[in-house]
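Let's go through a structure together, one feature at a time. Have the sequence and the 3D view open while we talk.

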Amino acid sequence: MAGYNRFGGFGGGMNMQNMIKQAQKMQAEMEKKNEELANTEVVGASGGNMVEVVMTGKKEIKAVRIKKEAVDPDDVEMLEDLIMAAIKDAQNKAQELSKDTLGAFSGM
């Protein structure tokens, strides 16, 4: 049969081209969303905001802010715990941001 191919009959090549275009469009959109995540910041906090961690949506730490009241030379462990808690809070917020931003692409 002339014009018939194994990709679904007549015009199967056109369907493949459309699929490739759709995939390229999705890839471009995903790159845009990933850039958006990299440029969006979240703030994790602990100890009544005595310790704050600024993190991007890609989980890159940009800043750590510690209020003077949180620093007790006799209790360094408390400050360490506050920093870890603020990092975890920022990570959770970055994860939620990622889920909200990329959910359509990742099946979340």
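Q: Which residues form a nonpolar patch on the surface?
A: A patch is built from residues with over 30% relative accessible area and no salt bridge; like charges are joined within 9 Å, and nonpolar side chains (Val, Leu, Ile, Met, Phe, Trp, Tyr) within 5 Å. Here the nonpolar patch consists of Ile-61, Val-64, Ile-66 and Val-71, and together they have about 310 Å² of accessible area. Accessible areas come from the Shrake-Rupley method with a 1.4 Å probe, and for residues only the protein chains shown count as cover.

Q: What should I know about the model and the numbering before we go on?
A: This is a predicted model, where local features need pLDDT of at least 70 and side-chain atom pairs count only at pLDDT 80 or more, while totals for chains, interfaces and linings use all residues. Residues are numbered from 1 along each chain as its sequence is written, and side-chain values use heavy atoms, with hydrogens and water left out.

Q: How many helices and strands does the protein chain have?
A: There are 2 helices and 3 strands. Walk from the N terminus and the elements run α-β-β-β-α.

Q: What is the order of the strands in the sheet?
A: Two strands pair if DSSP finds at least two bridges between them. In this model, the 3 strands make an open sheet in the order S1-S2-S3, with antiparallel pairing. S1 and S3 are the edge strands, each pairing on one side only. From one strand to the next, the twist averages 15°; for angles like this, axes are lines fitted to C-alpha atoms (for helices, over the stretch in contact), and angles run from 0 to 180 degrees between N-to-C directions.

Q: How many bridges join S1 and S2, and which residues are bridge partners?
A: S1 (residues 41–46) and S2 pair over 6 bridges, in the antiparallel sense. Gly-44 has Val-53 in S2 as its bridge partner, and Ser-46 has Val-51. The two strands form a hairpin with 4 residues between them, and Gly-47 in that turn has a positive phi of about 60°. Asn-49 also sits in the loop between S1 and S2; its phi is positive too, about 70°, although it is not a glycine.

Q: What about S2 and S3: over how many bridges do they pair?
A: They pair over 5 bridges, again in the antiparallel sense.

Q: Why is S2 described as largely enclosed?
A: Count its residues: 5 of the 6 in S2 are buried, so the strand is largely enclosed by the rest of the structure. Across the protein chain, 22% of the 108 residues count as buried.

Q: How many salt bridges does a search of the whole structure find?
A: Side chains of opposite charge can pair when their charged atoms come close. The cut-off is a side-chain nitrogen of Lys or Arg within 4 Å of a carboxyl oxygen of Asp or Glu. The search finds 3 salt bridges. One of them joins Glu-52 and Arg-65, at 3.5 Å from N to O. This pair links distant parts of the chain: Glu-52 is in strand S2 (residues 51–56) and Arg-65 in strand S3, 13 residues apart.

Q: Which residues make salt bridges with Lys-62 and Lys-93?
A: Lys-62 pairs with Glu-60, with the closest N and O atoms 3.8 Å apart. Lys-93 meets Asp-89 at 3.5 Å, N to O. Both Lys-93 and Asp-89 lie in helix H2 (residues 76–106), 4 residues apart, about one turn of the helix. Asp-89 is partly exposed, given its relative accessible area of 23%.

Note on methods
Buried means under 20% relative accessible area, exposed over 50%, partly exposed in between (1.4 Å probe, protein chains only).
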